Amino acid sequence: MDTEIKHKHPILKKYGLPALLAAALSGSAIWAWSVMGTSSYSTDLSGMTVGDVTSGSFNDYIRINGKVETGVTVQVSALETGIVESRLVEEGAMVNAGDVILTLRNPNLQQQILDSESQLAERQNMLRDTEIAMEKERLQIKQDLLAARTELARKSRVAQQQQTLYDEDLTPREEYLKAREDCQLARENLNLLISRQRQDSLYRSVQVAMMKESLNNMQENFMLVRQRADNLNIRASHSGQLGSLNAELGQNISAGQQIGQINILDNYKISVRIDEHYIDRVSPGLKGIAKKQEHQFPLTLKKVYPEVTDGQFRADFIIDGELPEKIRVGQTFSIDLLLGEPSEAVMVPRGTFFQNTGGKWVYVLDGEGKTATRREIRIGRQNPQYYEILEGLAPGERIITSSYTSFGDADRIIIKE
């Protein structure tokens, strides 16, 4: 039986073989280009950390360290200059308001006290002498007035007698006139003494008032000097714990110099320093949790200081509710500061890769975990455990979270068994 021979299409017969050769050359070129444009790095799993991309509730908080301080601190300062003579209370001791902490010695102040006492005694003696002299003068004027009134009464009787005799022509006119003149002189002398008594009384009142005012001023000055002497005893102005005392025996202390502080123990605060990166997100009223071993207690951010020093700013927390047992000034606590409410997000564990890439890209493992390819990502918020992924990764994928320093600029990591 004859077999039918099928003739090939003339176009395929003419161009088929060249097309196959061209396709093979193109594939080889594409493969060569891809191999030449991609750098690889081979390594094993030792020293490498892998993290899962997950989806869940992201807690927006930062972890900082805080130190316990008293809510109110009272400075202890010297009111007078002096040399430290004795220390009656040591640091850490409890003091009550009015307790003497230090005693100072000031010989110059003691001399001022003696001088003030001497001047006050002298002025008191002067006032007494003046009062005695005035009293003597007052009595003398009073005695002169009595004599003048008696003299006037006598002169008046003589004048009346001369008037009667003169009317009856029984006495010379000269005697009559002389009697009248004597009576008038006695009356004017009495009036002069009365005026003098009135003026002297006013003068004495003013002078005594001025001297008493001067004496009162000296007494007040003396009391102030005495008070300055008492200020050589440096006392506690408030009840609390003596936190520090910077004064040694024999040390010269200046007036106004701070020598210590008293911690008021009925309230505490926890002072922290926060990275300036968070300065726009931290404000009074935020909540926090302080942790110490197995104990923890809630906090509220009370005050944020605006100054930034060495890339950090200060803030103060207050303790909500009852104070923890055995809390002490100077203790340190680990604090979780909540910056916002929890929200659903895609997350990856924190790792040292961030220091190499700045969070802009990561190595993503394939399904079998044999290779990891570089991929661009975008990171949002972060907390001590996770980074929030905004773009570039999906839940279920895995990335290398350890350091990328040894990988160089490789685009692909080949993981050997």
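Start by selecting Tyr387. In this predicted model, Tyr387 is buried, because its relative accessible area is 2%, under the 20% cut-off. Tyr387 belongs to strand β20, residues 386-391.

Phe354 sits in helix α4, which spans residues 353-357. Phe354 has 22% relative accessibility, so this residue counts as partly exposed. Now look at the two rings. The centres of Phe354 and Tyr387 are 4.9 Å apart and the planes meet at 15°, so the pair is stacked.

Widen the view to the whole cluster. Select Tyr41, Phe353, Phe354, Trp361, Tyr363, Tyr387, Tyr404 and Phe407: together they form one aromatic cluster. Stay on Trp361 for a moment. Which residue lies over the face of Trp361? It is Arg374, at 3.7 Å from the ring centre.

Tyr166 is in helix α2 (residues 107-167) and Tyr176 in helix α3, so the pair ties together parts 10 residues apart in sequence. Buried or partly exposed: which is Tyr166? Tyr166 is partly exposed, at 24% relative accessibility. Tyr176 counts as buried, at 7%.

**Next stop: salt bridges**

Side chains of opposite charge can pair when their charged atoms come close. How many salt bridges does a search of the whole structure find? The search finds 19.

Select Arg281 and Asp60. Their side chains meet in a salt bridge of 2.2 Å, N to O. Arg281 is in the loop between β11 (258-275) and β12 (287-292). Asp60 is in the loop between β3 (54-58) and β4 (61-77). The pair therefore ties together parts that are 221 residues apart in sequence. Check the surroundings of each partner. Arg281 counts as partly exposed at 34% relative accessibility, and Asp60 is buried with a relative accessible area of 4%.

Move to Asp336 and Arg63. This salt bridge is 2.8 Å, N to O. Asp336 lies in strand β15 (residues 332-338) and Arg63 in strand β4, so the pair ties together parts that are 273 residues apart in sequence. Asp336 is buried, at 6% relative accessibility. Arg63 is partly exposed, with a relative accessible area of 45%.

Then pick Arg235 and Asp230. Here the side chains meet in a salt bridge at 3.3 Å, N to O. Arg235 is partly exposed at 37% relative accessibility. Asp230 is partly exposed too, at 36%.

**Next stop: an open sheet**

Select strands β8, β7, β5 and β10. In that order, the 4 strands form an open sheet with antiparallel pairing. Which strands are at the edges? They are β8 (233-235) and β10 (252-253), each of which pairs on one side only. Zoom in on β5 (residues 82-87). β5 and β10 pair in the antiparallel sense over 2 bridges. Select Ile83: the bridge partner of Ile83 in β10 is Asn252.

Now step to Asn231, in the loop between α3 (173-230) and β8. Asn231 counts as buried, at 18% relative accessibility. Beyond its neighbours within four places in sequence, Asn231 is in contact with Leu79 and Glu80. Draw a distance from Asn231 to Arg180. The two are 51 residues apart in sequence and 76 Å apart in space, C-alpha to C-alpha.

**Last stop: strand β14**

Select Asp316, in strand β14 (residues 312-319). Asp316 counts as buried, at 4% relative accessibility. Show Lys269 next. A polar contact of 3.4 Å joins the side chains of Asp316 and Lys269. Residues up to four places away in sequence aside, Asp316 touches several others, among them Ile270, Ser271, Thr300 and Tyr305. Finish on Tyr305. Arg314 lies over the face of the Tyr305 ring, 4.2 Å from the ring centre.

Conventions
Residues numbered from 1 in each chain as written. Predicted model: local features only at pLDDT ≥ 70, side-chain atom pairs only at ≥ 80, totals over all residues. Heavy atoms only, no water. Pairing = 2+ DSSP bridges. Buried < 20%, exposed > 50% of the residue type's maximum accessible area, 1.4 Å probe, protein only. Contact = heavy atoms within 4.5 Å. Polar contact = N/O pair within 3.5 Å; in protein donor to acceptor, adjacent residues only side chain to side chain. Phe/Tyr/Trp six-rings, centres within 6.5 Å; stacked < 30°, edge-to-face > 60°. Lys NZ or Arg CZ within 6 Å of the ring centre and 35° of its normal. Salt bridge = Lys/Arg side-chain N within 4 Å of Asp/Glu carboxyl O.
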